[in-house]
Amino acid sequence: MVEKVSKIWMDGELIPWDEAKVHVLTHTLHYGLGVFEGIRCYLCKDGRSGIFRLEAHVKRLFDSALIGEIEIPFSQAEIMEACKDVVRTNGLEEAYIRPIVFIGEGVMGVHPHDNPIRVAIVAWRWGAYLGEEALRKGTRVKTSSYTRHHVNAMMTKAKICGNYVNSVLAKREAARLGYDEAIMLDTEGYVAEASGENIFLVKDGVIKTTPPTSILPGITRDSVIQIARDKGYTVLEERFTRDELYTADEVFFTGTAAEVTPIREIDDRPVGRGVPGSVTRELQEAYFKVVRGEIEKYRHWISYL
Ligand code: PPE
């Protein structure tokens, strides 16, 4: 259960949590065209709270809206400020922030015509996405029976609500079979991404991640690529197959919610020696320092409250 806080930002105002409701004829509820973001705010080493890569997330929200032909009735600066406000108002030191832009009620039918565009921003405490133990020891995953979206069926670069039906199906299947997460292949059979994470592999010291074609181009993915390159690693953005995962030395997930989560087992096969590898641990440690403002070089990624 989401731990309730005091206020939710809705259409430009901070309102009580229990009043943030929508009508059942909300267009997005029926047809799935809405866009959202997931952003984390961390308590930094110096005692201040800071939102990690706020600008990049808000930019992606607007890009998603552009792809979905949704005109957000606020500016990017206003949404950024609202994200800060909602964390501040609720007295949260650390938070997961969920802005969502959706099409409200008015006409029914697939064409939303002039139905109002509504915006809500919620912040709540959210711990490790795949569990604390997964962060330390690694997670167990399965190749999904569900294929990730074809780039011309769903707009994969947009974080569109309806895109997540595929994620929910894959996640439930994986969970039912006793795994923590699902890895999905693209329509040509190459590795795409997980239900809510991007994926990386390490082989002979070289890091590889899927190219930004059929995946959501993750902001954590981008951060980790930059951190790894700055450390001198070669990072390739190229397609790979599931059997390359089986023979990789290390495999890990990235995502705002999942942060950097090592993968210790894929399809019942241990990854490497079955424990998080040294490159994964190095990047995970660096990532946690970066998000908490401990490394000067990346401090410009943090918007302090
Ligand atoms: N792929 C998918 C499908 C995805 O949902 C996410 C984020 C990513 C990649 C990584 O993107 P980024 O967060 O920018 O690094 N998934 C979000 C939603 C999780 C949820 O269950 O809700 C998240 O991590 O916030």
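Modeller: Happy to! Let's start with the largest pocket, whose lining is made of 43 residues, with Phe36, Tyr96, Arg98, Ile100 and Trp124 lying nearest its centre. A word on the source: this is a predicted model, in which local features need pLDDT of at least 70 and side-chain atom pairs count only at pLDDT 80 or more, while totals for chains, interfaces and linings use all residues. Residues are numbered from 1 along each chain as its sequence is written, and side-chain values use heavy atoms, with hydrogens and water left out.

Now for the terms. On a 1 Å grid over the protein atoms alone, a pocket is an open set of points with protein on both sides within 12 Å along at least five of seven lines, a cavity is a set where a 1.4 Å probe fits but cannot get out, and lining residues have an atom within 4 Å of a point. A volume is the space filled by probe spheres set on the points, which are joined across faces, edges and corners.

The largest pocket holds about 980 Å³ of space. Its lining divides into 23 nonpolar, 13 polar and seven charged residues. Here Ala, Val, Leu, Ile, Met, Phe, Trp, Tyr, Cys and Pro count as nonpolar, Asp, Glu, Lys and Arg as charged, and the others, Gly among them, as polar. Because domain 1 (7–124) and domain 2 (132–291) both give residues to this lining, the largest pocket lies between them. Those bounds come from an automatic or database domain assignment.

What about enclosed spaces? A search of the whole structure finds four cavities of 30 Å³ or more. The largest cavity has a volume of about 60 Å³, and its lining includes Arg148, His149, Lys159, Glu193 and Ser214. By class, that lining has three nonpolar, four polar and three charged residues. The second largest cavity holds about 50 Å³. Among the residues lining the second largest cavity are Asp186, Tyr190, Thr210, Ser214 and Arg239, and its lining divides into five nonpolar, three polar and two charged residues.

Finally, the setting. The C-alpha atoms of the protein chain fill a box of roughly 55 × 45 × 30 Å, taken along the principal axes. Of the 305 residues in the chain, 53% are buried, meaning under 20% relative accessible area with a 1.4 Å probe, protein chains only.

Notes:
Buried < 20%, exposed > 50% of the residue type's maximum accessible area, 1.4 Å probe, protein only.
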